[in-house]
Structure formats: structure tokens, C-alpha cells
Amino acid sequence: MIEHRNGILIAVALMVGVPAITLLATLHQMFGTGGDGPIRASAVQAPPAPAPAAKPAPPAPAAASPASPAAAAPAAATPAGAATPAAAVPVPGRSAQDFSASRPAWEGYLQGADPALGKQLAASGKPAAGVQACVACHGQAGITPTGGIFPNLAGLTPEYIAKQLADFRQGTRKQALMNTVAQGLSEQEIGQLAAYYGSLAGPPLHVGETGGEAARKLDQIGDGARALPACANCHGLRGLGEGPLLPRLAGQSKEYFADQINAFRNGSRQNDDVGVMRAFAQRLTDSEVEALGQYYAGPR
């Protein structure tokens, strides 16, 4: 009986004692004076200034002539015990700028951009620089009259257009005609064109009238089994756009939609954010690409 009681007491002591010891050790680590405690700004000491190098003693002066005045008085000596002032050394630390996010250069193109000048440029181009009029491919009001692989620019945001023109200019998005056009434009002209087309209303909407149930499901639900989120998550419900850099798909021709999906598929277009469109395009079948193109374009 006594041994049984002792065993119970030992078990209880272990159950209570071990957590108590662990708790005390943790409190000591958190609030003690060990080296892992919080670092105070006052504890960061500036490194000591290096001692100046000793200079060689000057040669002894010649004896003063009788006509010369008395020798100059020696320089005032530093009082005994006084410390020589050291140069100020900055204390290491962080500044707010260390955490500032970098901004893309094309944002500056839009600062003060005049849409009226962009409209003039779109209508006339820059023949001397090899830049043809934008209206030749993108229509008088930013809506291509014949569809095809030329996108509608009306209805897109100024930010998206400026980014794409900047990518064409730098070669991070490749298309022979647009690379030539963008390289012939100045940064200011890119901002003007983006401001102009970004001010135009998009084409009439007939989204969802064609394309079938498979396209509607991909737009609104996606396919979790293939890690395909709903297109609406990024491009807005029925492709109406979501945010400044997630473009509107509604009203684009089915030919342009398929052309861009295939460009993401084969890697000829690589200016998507962290490769998400390249990954999603690989998971779509040819029939789904065609159905989505019809879904967003609507009937002719």
C-alpha cells in the first residue's frame, strides 16, 4: 500500500513539476538578461573612432638671431584628462525606405498624360519613326471593325495599356509589329495613348450568349480537379475586368482570345504575373479555348 501511494505521489510530482520547470525556463528566456532578449536602440554602440596616426616630430628650429623677435610661444596644450572629440559615426539601423515597394517605370508615363494628344497620335501615327496610325488596326474608337487578332483597346484601363506598350517597347512581350510601334514611341506618348484609349467605352456586351455550359462553368466556377480557378476570380464575372492590370475579356474577338491563349501556351508571351496565365493555358483543351473565346466575344 505504501509503495503504491509513493508511486502515485511520484507520478503527480512529475506531472506538475516538469511543466512548472519548463514554464520557469521559458519565462527566464523571455524576460531574463540573456543574449536573446530584445535589442534596445541605446544598446547599439557606435564603433570607436580609429586613433590618428602619430606624426613625426618637426626638426629643431635654428637659434634665433639677435635681430629676430623672441621665439613663438608653444601651441596651447590640451588640458590633462580632456578626451579628444571623435568624428560622428552613424549608428546602424533601418529606415522606412528600406521597406518601400518599387514602382514600375510605366506608372510615370501616365503622370499628367493628355488624352487629347493621345487621340491625335492614334489618328495620325508617327510616320517618320515608322509608327503607323493606331486606328488602322484598332478602329476609330478603339474597337476593331473586323475582329481578327487585333484587340479592342476601348474598355481597357490606362494602366493595362501603358504596361503592355512598355512591355512591347522593352521586348518582354513580343509581337513584331507592336515591338516596332512601341519602340518608336516616347514614354510621354505611351502615356498619352494609354490615357486616350482608357477613356473610351468598350464594345457592346453579349457575353454568355454563345460558348455553351462548359465555358460558363470555367468562367464562374473553374475546375478544381485541374487546379483551374474561375476566370472571374481575376477577370471579373463575365469577363468585365477586375482591377487596373487584370484586363477585360468581354467583347474581345474569339480569334484574339485564342491567339493570346496559344501564345501563353507556347511561351511566346511571357509578361504575365509570375507565369499564372502560362500555367492555366496549359490546362485548357482546344475545345475549351474555342468555347471561352465564343463566350466572351458573343455573337457577331
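Let's start with the surroundings of Asp-219: beyond its neighbours up to four places away in sequence, this residue touches Ala-230, Cys-231, Ala-232, Gly-236, Leu-237, Arg-238, Gly-239, Tyr-295 and Tyr-296. Keep in mind that the model is a predicted one. Asp-219 sits in helix α8, which covers residues 212-220. Its side chain makes a polar contact with the side chain of Tyr-296, at 2.9 Å. Asp-219 is buried but has no salt bridge, and Arg-238, the nearest side chain of opposite charge, is 6.4 Å away.

Now to the cysteines. The count of disulfides is zero.

| Cysteine | Nearest cysteine sulfur | Distance |
|---|---|---|
| Cys-134 | Cys-137 | 8.7 Å |
| Cys-234 | Cys-231 | 8.8 Å |

Cys-134 counts as buried because its relative accessibility is 14%. Cys-234, at 34% relative accessibility, counts as partly exposed.

Finally, a look at the nonpolar cores. The largest one has 25 residues, and the members that touch the most others are Ala-122, Ile-161, Leu-165, Leu-185, Leu-193 and Tyr-197. Two or more residues each come from α2 (106-109), α3 (115-124), α5 (158-170), α6 (176-183) and α7 (187-198). Helix α5 gives the largest share, six residues. As for Leu-165, setting aside neighbours within four places in sequence, this residue is in contact with Met-178, Ala-182, Ile-190 and Leu-193. Another core lies apart from the largest one; its 17 residues include Val-207, Phe-264, Leu-284 and Ala-291. In soluble globular proteins, nonpolar side chains tend to be buried together.

Notes. Residues are numbered from 1 along each chain as its sequence is written. This is a predicted model: local features need pLDDT of at least 70, side-chain atom pairs count only at pLDDT 80 or more; totals for chains, interfaces and linings use all residues. Side-chain values use heavy atoms; hydrogens and water are left out. Helices (H or I, at least four residues) and strands (E, at least two) are DSSP runs, numbered from the N terminus. Buried means under 20% relative accessible area, exposed over 50%, partly exposed in between (1.4 Å probe, protein chains only). Lys and Arg count as positive and Asp and Glu as negative; His and the chain ends are not counted. A salt bridge is a side-chain nitrogen of Lys or Arg within 4 Å of a carboxyl oxygen of Asp or Glu. A polar contact is a pair of N or O atoms within 3.5 Å; within protein, one must be able to donate a hydrogen and the other to accept it, and residues adjacent in sequence count only if both atoms are side-chain atoms. Contact means heavy atoms within 4.5 Å. A disulfide is a pair of cysteine sulfur atoms within 2.5 Å. A nonpolar core is a set of buried Ala, Val, Leu, Ile, Met, Phe, Trp, Tyr and Cys residues joined through side-chain atoms within 4.5 Å.
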